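Walk me through this structure, one piece at a time. Start with the rings, then move to the strands and helices.

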Amino acid sequence: MVVVFGLPLAALLWQLFQPDLEVWHHLSETVLGGYIRQSLSLLLWVTVGSALVGVSSAWLIARHRFSGQRVFQWLLILPMAMPAYIVAYAYTWWLDVAGPVQSTLRTYNNWSFGDYVFPNIRSFGGAVLVLTLVLYPYVYLLARAAFQRQSKQLFEAHQLAGGRHYFRQVALPLARPAIFGGLALVMMETLADYGTVQYFGLNTLTTGILKTWFGLGSLAGAAQIASLLLSLVMVIMLLEKYVRGTAGYAIDKGPQQGPPSITLSGWKNWMASLWCGLVVALGFVLPLCLLLVMAFHSRIYDWWSDFINLIIHTLSVAGLGAVLTVALALLLLFVHRHTRSSRTQFAIRAMGLGYAVPGLVIAVGVTMAFGWLDQGLNGIISTFSAAPPTLLFSGGFLALITAYVIRFLAVAMQPVEAAYQTINKNLDEASLLTGKNTNQTFRFVHLPLLKPSLWTAVLLVFVDLLKELPATLVLRPFNFNTLAVKAYELAADERLADAAVPALCIVAVGLIPVIILNNKINHRL
Amino acid sequence: MKTLLDIKQLTFAYAQQPLLQNINLTIDAGQVGCLLGPSGCGKSTLLRLIAGFEQPQSGTVMIDHLQVTGDHHMLPPQQRQVGMLFQDLALFPHLTVQQNIAFGLQHLPQEQRRQRTAELIQLCRLQKLNTRHPHHLSGGQCQRVALARAMAPKPKLILLDEPFSSVDRGLQSEMAQEVKSMLQADGSTALWVTHSLEEAFAVADQMGVMLNGQLLQWGTPVELHDQPASPDVIRFLNQANLINGQLNPESRLDTVLGTFDLCNADQFMPGDILQIGLSKHLLQVSTPTEGSKAIINKCIYQGGHHVLTATLTNGDQVQLFHHQSIPVGQSIQLKVSNPQPVLGFAIS
């Protein structure tokens, strides 16, 4: 089972060490340099932006009191529910030449197009802005938790030693592993992004993969770029591990009372509120309002029945994917609990890495691996009968679902593994001694105890699948659409207002796990 | 009487570390066997071997004349008909008291299942708690539910792993006796592991002392007390002092604390160096004119009496009880009150 799911990634790694020199040569002479440059500079700027926004807001919330601080504490997480490409659509609709802002300016000032300078949102800067606005919550969440866990004694010791710059000297260095953890997630998401950069016309590695694949018709070339992207991701993961490893001393010893909060007053108070308010407004409230207005302008009633179909499609594929992913996670964990072997341990860790791999990379890997399987199968079939060749593996939902499982198994694994660890090993033995075998023990003891976490896992994966764009775009069977793909297609056709309707559905469902996540973090603190 | 549990030559090592060496013991049907030993001596490991959770390097385990662990085969735990009362009880948190007890009865027809559950609820006095979940019960109630669950399928053998280690010390022997009467009422055979002397003497029909993975002796409580197999058994059971001496030509043992009659003098030759155990209760502080000299080096008040540690003239240390405090460093005279014939052991 693990072999089947590991195959696509193995195929890419193989590709990495077995470069097809001709394709590689052509790519590197023409476009590859540009792809890499744009990807890396996007990575750099989004990382810097997320660090600034995330750490500053986390520090304000964790250690200060100001107007609205309690509300901002969770409002600041909400942009997580917004897929970046949807925010990109909303801002483009609003700020583009034909959008309400520029139209109003023109009408009011009696200008016409070309009379004034207006920054173009569909640009590199726009992409940095949009990605930063939706990705900073990763840094905010982890940094906030780190700041809040720092002990009061440490603060007092620093004061007694006559130190003045607590943030710079103590708080920030101690929170460094957490901040880097958040930034690593931001980097991975930035590298994985396809929807935003494609819409803004950037030439990054992800758009390069699709252009090479479908534009030049070269799967091998796409795979080359994908393996390059994969190695970038691996570098980031190693970097994060390195930073965390060397800073192991910063890990706390359970909940303690933190240093006292500083109450802000006067202009400082208003600046703090303004800053948090601005971030929340740009990252969540404004795009949401824009989507609502756009939806109001849309001609949804023209394709209402299509829309119902779309929802049914999306729910069924996301539901199936989520259930299968969680089932596989459960199976792996169950087998591991019984065998305790290093092999299952390795499988669990290896499958967990899928979450770091961009969806598009997984799509390329799955297509390649399943293509080989199909060729092999057809080879076998043709020696026995004259049946026409089939695309059993790569043709239908199998490829799509496999990609989903690889990408989101880690999401499913986390809550289930945590719950499994809380089940006392003696319960298994007590059950065995009453004559139940391992499977019965699973059914009568594990399953009832795991049920709540299984539902959480299904929900989390479900929402992630709902938002997933690039892998679905590439692997979906012919004429099969999900909400995310439909929004993408409508936006590509410049029907932004219509795209707002499926986008709103995605955002609405996406809010659920954010709320769950927030509750969990609050409970832990 | 029929032998129910028969363990022969059981040896178990984990990661090259020998945990159990050559264990031999038997328990008759309907009796409670008690394994006594300090924590880490391998008692719990032995239970896990009997239950089938671990596989020994060598030796056999027979339950009711059926070999469950042997040289080349291992019966899986679920087929051994063994019940277990875990140290942490391991009640199923998602099931009610009634469902916990009935958990092992699912193979029975409904009527029988209901009847057996009711029987155990009656026996373990859980009548009003039927529908509660474990987290709504007190520690003692949880204990009774765990016992009822272990007994429910009428296992051939019940294993109890330090069942009262978390119970207040004063209640241990009372609760132990209560559990024993429940076991007896159901006709169960049990192997009971504990580190509490009190608990062991309260319940054991057969008992044994384990130390460093070895079973030093296995027999009735009276046998262990009156005919200990080694000085370690004496030390563990009586918390006694061990004293060396030499056998004189009249076959009596000369020691620093005086001369003693031996009940097994015929096994030794005059001139042999032997060891005997002397209970703390037998040593007394005497008048300056009699006994032998010792120097106090510790005096600890233990409520009602003091425990003195004294160094004898040959350098050995002994402990004794005394009604009043004596300053450290003071020299005293010690004697043995009412000396009885004792068992001597050759020093190995």
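Is Phe200(A) buried or exposed? Phe200(A) counts as buried, because its relative accessibility is 5%. Buried stands for under 20% relative accessible area, exposed for over 50%, and partly exposed for what lies in between, using a 1.4 Å probe and protein chains only.

This is a predicted model, in which local features need pLDDT of at least 70, side-chain atom pairs count only at pLDDT 80 or more, and totals for chains, interfaces and linings use all residues. Residues are numbered from 1 along each chain as its sequence is written, chains are lettered from A and ligands numbered from 1 in the order in which they are written, and side-chain values use heavy atoms, with hydrogens and water left out.

Now the aromatic rings. Across all chains, the whole structure holds 15 aromatic pairs. Rings of Phe, Tyr and Trp (for Trp, its six-membered ring) pair if their centres lie within 6.5 Å; planes under 30 degrees apart count as stacked, over 60 as edge-to-face and the rest as tilted. Tyr199(A) and Phe200(A) form a tilted pair, because their ring centres are 6.2 Å apart and their planes meet at 40°. Tyr199(A) is also buried, at 5% relative accessibility. Arg122(A) lies over the face of Tyr199(A), 4.2 Å from the ring centre. For such a placement, NZ of Lys or CZ of Arg must be within 6 Å of the ring centre and within 35 degrees of the ring normal.

The ring centres of Phe164(B) and Trp192(B) are 5.9 Å apart, with planes at 45°. Phe164(B) lies in the loop between strand S7 (157–161) and helix H5 (169–185), and Trp192(B) in strand S8 (residues 190–194), so the pair ties together parts that are 28 residues apart in sequence. Helices (H or I, at least four residues) and strands (E, at least two) are DSSP runs, numbered from the N terminus. Phe164(B) is buried at 1% relative accessibility. Trp192(B) is buried at 0%.

Next, the strands of chain B. In a regular strand, side chains alternate between the two faces of the sheet. Strand S6 (residues 82–85) of chain B is covered on both faces. Val82(B) and Met84(B) are buried on one side, and Gly83(B) and Leu85(B) on the other. S6(B) runs parallel to S7(B), joined by 4 bridges. Strands pair if DSSP finds at least two bridges between them. Leu85(B) has Leu160(B) as its bridge partner in S7(B).

Another sheet in chain B is open. Its 4 strands follow the order S2-S1-S4-S5, with antiparallel pairing. Strand S2 (17–28) and strand S5 (66–69) are the edge strands, each pairing on one side only. From one strand to the next, the twist averages 25°. Strand S1 (residues 3–14) and strand S4 (residues 58–63) of chain B share 5 bridges. Leu5(B) stands opposite Ile63(B) in S4(B). Helix H1 (residues 43–51) of chain B lies across S1, S2, S4 and S5, at about 115° to S1(B). Axes are lines fitted to C-alpha atoms, for helices over the stretch in contact, and angles run from 0 to 180 degrees between N-to-C directions.

Gln206(B) belongs to strand S9 (residues 206–211) of chain B. Gln206(B) is buried, at 16% relative accessible area. Its side chain makes a polar contact with that of Trp218(B) at 3.4 Å. A polar contact is a pair of N or O atoms within 3.5 Å; within protein, one must be able to donate a hydrogen and the other to accept it, and residues adjacent in sequence count only if both atoms are side-chain atoms.

Back to chain A. Its secondary structure comes to 22 helices and 2 strands. Of its 525 residues, 53% count as buried. Helix H11 (residues 205–215) of chain A is mostly covered, with 8 of its 11 residues buried. Thr132(A) lies in helix H7 (residues 124–149) of chain A. Thr132(A) is buried at 9% relative accessibility. Beyond four places in sequence, Thr132(A) touches Trp45(A), Val46(A), Gly49(A), Ser50(A) and Val53(A), where contact means heavy atoms within 4.5 Å.
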